[in-house]
Amino acid sequence: MDLLLIRHGQSVANEKRLLISTDKDGLTELGKTQSVNLAATLERFAFRPSQIYCSPWARARQTAELVFGDTQPIKFDARLAETHPGIYGSWLEADFNAAFPDFNRDIRNRYEEGESHLDMAHRVQQWVDSEIRPQSANAGLLTVVAHGGPISVMLQHLLGVPIETHYPSFTVPNASFTYLTWRADLNRYCMERAGHV
């Protein structure tokens with residue numbers, strides 16, 4: 001089964017340059033426009049999902065609904081959510097980095113009352129191993145709408161890039177897509193196309 005990874009459009013937190021924000025953070029008007037434009041881009045490539053999974057966070061949910069409408073059911077899974085920032089959800093990213101300059105040097109550092117990027121990575125890896133890998137040899141296109149962190153983890157996990165020493169290895173823009181094909185001859189996924197609006 002081929003794989004299409006989609007990052008949500010611009011959110012209010014992205015526009016304000018907040019650290020991560022919360023599960024309630026929705027799309028800006030630009031983010032909504034990006035999502036509609038992304039739908040047209042995916043149509044040009046004839047990407048037609050056979051399954052759609054989505055983070056339950058508002059910005060991902062809104063993106064999935066704008067891109068796919070009611071063409072088929074969307075399966076929401078909390079394991080696809082972004083790293084929970086705890087008490088720092090409303091902080092500006094620049095302010096957090098100034099207050100905690102060493103935080104991002106170790107993926108195991110945990111946000112107070114939240115989780116670490118490694119916690120997020122482990123739940124996303126578990127999702128990949130339970131939902132993607134068992135279906136890899138099947139026909140179809142499994143589509144995921146999520147966030148930059150989880151998408152980087154999925155790519156790293158599927159492409160064999162170590163998480164603990166190289167996170168994040170992929171910068172994932174808003175309203176972007178990454179398309180991977182299953183290569184039965186190699187018994188692994190290969191990245192074939194990526195882009196954004």
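In strand β3, K75 stands opposite Y53. Helices and strands here are DSSP runs numbered from the N terminus (helices H or I, at least four residues; strands E, at least two). The model is predicted: local features need pLDDT of at least 70, side-chain atom pairs count only at pLDDT 80 or more, and totals for chains, interfaces and linings use all residues. Residues are numbered from 1 along each chain as its sequence is written, and side-chain values use heavy atoms, with hydrogens and water left out.

Strand β2 (residues 51-54) runs parallel to β3, joined by three bridges. Two strands pair if DSSP finds at least two bridges between them. The open sheet has six strands in the order β3-β2-β4-β1-β5-β6, with mixed pairing. Its edge strands are β3 (74-76) and β6 (188-196), each pairing on one side only. Neighbouring strands are turned by 20 degrees against each other on average, direction ignored. Axes are lines fitted to C-alpha atoms, for helices over the stretch in contact; angles run from 0 to 180 degrees between N-to-C directions.

Two helices are described against this sheet. Helix α5 (residues 117-132) lies across β1, β2, β4 (141-146) and β6, at about 155 degrees to β4. Helix α6 (residues 148-159) packs on the sheet and touches β1, β4, β5 (176-183) and β6. Its direction makes about 155 degrees with that of β1. Contact means heavy atoms within 4.5 Å.

The unreviewed UniProt entry annotates R7, H8, G9, Q10, S11, V12, A13, N14 and R59 as "binding site". From this set, R7, H8, S11, A13, N14 and R59 take part in the lining of the largest pocket. Such annotations may be inferred rather than shown by experiment. A pocket is an open set of points on a 1 Å grid over the protein atoms alone, where a 1.4 Å probe fits, with protein on both sides within 12 Å along at least five of seven lines; lining residues have an atom within 4 Å of a point.

S11 sits in the loop between β1 (2-7) and α1 (12-16). S11 is buried, at 0% relative accessible area. Buried means under 20%, exposed over 50% and partly exposed in between (1.4 Å probe, protein chains only). Leaving out residues up to four places away in sequence, S11 touches D25, G26, L27, T28 and R59. N14 lies in helix α1 and is partly exposed, at 27%.

A cis peptide bond joins Y167 and P168, with omega about -10 degrees. A46, not a glycine, has a positive phi of about 60 degrees.
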